[in-house]
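Subject: Structure for your review

Dear colleague,

Please find below the structure that I am handing over to you. My notes on what was found in it follow directly after.

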Amino acid sequence: MLRVRFAPSPTGFLHVGSARTFIFNWLYARRNRGTMVLRLDDTDVERNTDASVNSIFEGLRWLDLGWDEEYKQSERLALHRHIADAIFQKGLAYRDFTPAHTGDTEKSGANQTWLFNPGMRELPRAESDRRAAAGETFALRFRVPRDTAETVSFHDAVYGDQLKSTADIEDFALLRSDGMPTYHLASCADDIDLRISHIIRGQDHLSNTYKHVLIFQGAGAHPPQFAHLPLLVAPDGSKLSKRRHGPVVSVTTYRDAGFLPEAFINFLCLLGWSPKDNRENLTRQELIEAFSLEGINRANAVINFKEPAATPDETFDPKALWLNAEHIRALTVDHLSARLLPVVHAAGFPITADKMHAITPLIRERIKLLRDVLTAADFFLLADNQLPPYDPAELIPQKGDAAMALKVLTRAREVLPHTEFKHDPLDQTLRNASQELGVKAGQMFQPIRVAVCGRKNAPPLFETLEVLGRESTLARIDQALGKL
RNA sequence: GGCGCUAUCGUCUAGGGGUUAGGACGGAAGAUUCUCAAUCUUCAAACCCGGGUUCGAUUCCCGGUAGCGCUACCA
């Protein structure tokens, strides 16, 4: 049975790199009819916060992918200690009574003692037992077998065969002096107990994997399959961090801006993975079918946002925006309208579902993010007397003057009360009016568009008027006339 | 410092001993439309450097360089 896990540590919000790791695990599980395990790696009591746990669940729920089993590492400490003890009893670990480093004293690079604290590794068992019994605190360290084994190796599905000399692996800690397991121990103990078959995680763990292989072997278990993912990095190549890059790395930022989760997932999948057939826009089902570990590549991927964002959109990778627009256009009017309504309501516009449904087709091809509805459809949402102010000069058509604008709007004001507010009759009436006036159709439409929308760039005129209705249209033309 | 991983257009990527090095986003130009958007067409844009191996390397090998990761009683 194939089992994968996503194991975030709740020390901050769910960030995009973690989200991608979750997604790849999920895809692999679904592709191979396996089980997806969610495990909170919360052994670092100092740094864990409830807010972080909430943020992680919030982000994962938004992705709407789900998982099959859920665990909390802090509830499994007995298991961790049991496995640590088993390793100790086999002589594969030793007690280190050296006081823990306080503060981040400089790791004196060149010194030779980085592998372990001299003396402790070879401390006779009897003395070790005596000191422990006397209540001295100690960390439990793995005794890396430098005499009996010269290398540690494993196969990585992405990076291939990996080999490292034991001389280059330090005696890492299994248990802290307060008895809490370290990440390495807890992670491996749980992976064994939960029968995880494939560990898919960030490449920052590639070098740690040698230690994990040692723990698996020390505990008498077969190491699972490994697949490390290239990291997601900032445009300057640096690691994504909250401190340096702010909210752009948080999943909730994407949600709040109006990304569709399916588009966000699609975007993240394209960073460090490729279906290799030139497809870019993929549905969830297509991703499941196309996903494979072989499609993952080895170089870090840049999320291409602008460091100081000049516009709100620059917070996001242009490709993410494009993909979101693609997914928005792929939605039916019913579905898109249902997604847009809460956004509009949240902004304080109490419009009906029917109104939203009527507006949706007019803006579907004009928005990249759900929040864009507020700017793209503002003139549908605002009251007639609350349109954003515009320069009266905007009312003047191309190659025309104020007199032409006046003429056009006056004529429209005369003709519209008797026109049925449907696309075709409006089209007919206004085109005829332009001919009678001797102006081009565009010269007729543009002043009306500005009068009604408050700006030059807007959806097609007749559909707009139809949705807006006769009353608002006439009121807004009157207002425009007042400006001329 | 030590150990390791990586290197194709600005970005995401395909490819692979002989190719016009392909696609996408973004950019530019044009078509179309009542404006905008969408759509369509076209254009500019890349194999990190140096040695090998080879008839021939962007591709294979070695070295360099650069970036990143690990080097915690963080994860």
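I begin with one pair of side chains: those of Lys 211 and Glu 170 are joined by a polar contact of 2.9 Å. A polar contact is a pair of N or O atoms within 3.5 Å; within protein, one must be able to donate a hydrogen and the other to accept it, and residues adjacent in sequence count only if both atoms are side-chain atoms.

Please note that this is a predicted model, in which local features need pLDDT of at least 70 and side-chain atom pairs count only at pLDDT 80 or more, while totals for chains, interfaces and linings use all residues. Residues are numbered from 1 along each chain as its sequence is written, chains are lettered from A and ligands numbered from 1 in the order in which they are written, and side-chain values use heavy atoms, with hydrogens and water left out.

Lys 211 itself belongs to helix α6, residues 209–218. Helices (H or I, at least four residues) and strands (E, at least two) are DSSP runs, numbered from the N terminus. Lys 211 counts as buried because its relative accessibility is 10%; buried means under 20% relative accessible area, exposed over 50%, and partly exposed in between (1.4 Å probe, protein chains only). Apart from neighbours within four places in sequence, Lys 211 is in contact (heavy atoms within 4.5 Å) with Ile 169, Glu 170, Phe 172 and His 184.

The loop between α6 and β10 (225–229) holds Gly 220, which is exposed, with a relative accessible area of 62%. Gly 220 and Glu 436 are 216 residues apart in sequence, and their C-alpha atoms are 92 Å apart in space.

Next, the domains. Chain A is divided into domain 1 (3–72 + 184–230), domain 2 (78–99 + 118–175), domain 3 (242–330), domain 4 (332–377) and domain 5 (382–484); these bounds come from an automatic or database domain assignment. Between the C-alpha centres of domain 1 and domain 3 there are 21 Å. In this pair, 23 residues of domain 1 are in contact with 30 residues of domain 3. Together they bury about 2,400 Å², 77% of it on carbon and sulfur atoms, where buried area is the accessible area (1.4 Å probe) that two parts lose on being put together, summed over both.

How many residues surround RNA strand B? There are 65, and the closest are Thr 98, Arg 176, Gly 272, Glu 365 and Arg 449. A residue is near a strand if one of its heavy atoms lies within 4 Å of it. Helix α11 (318–330) gives the most to this surface, with five residues. Of the atoms of RNA strand B within 4 Å of the protein, 70% belong to sugar or phosphate and the rest to bases. Base nitrogens of RNA strand B lie 2.9 Å from a polar side-chain atom of Glu 280 and 2.4 Å from one of Arg 366.

Finally, two backbone angles. Most residues other than glycine have a negative phi. Asp 64, however, has a positive phi of about 65°, and Asn 278 has a positive phi near 75°. Asp 64 is exposed, at 54% relative accessible area, and Asn 278 is exposed at 74%.

A colleague
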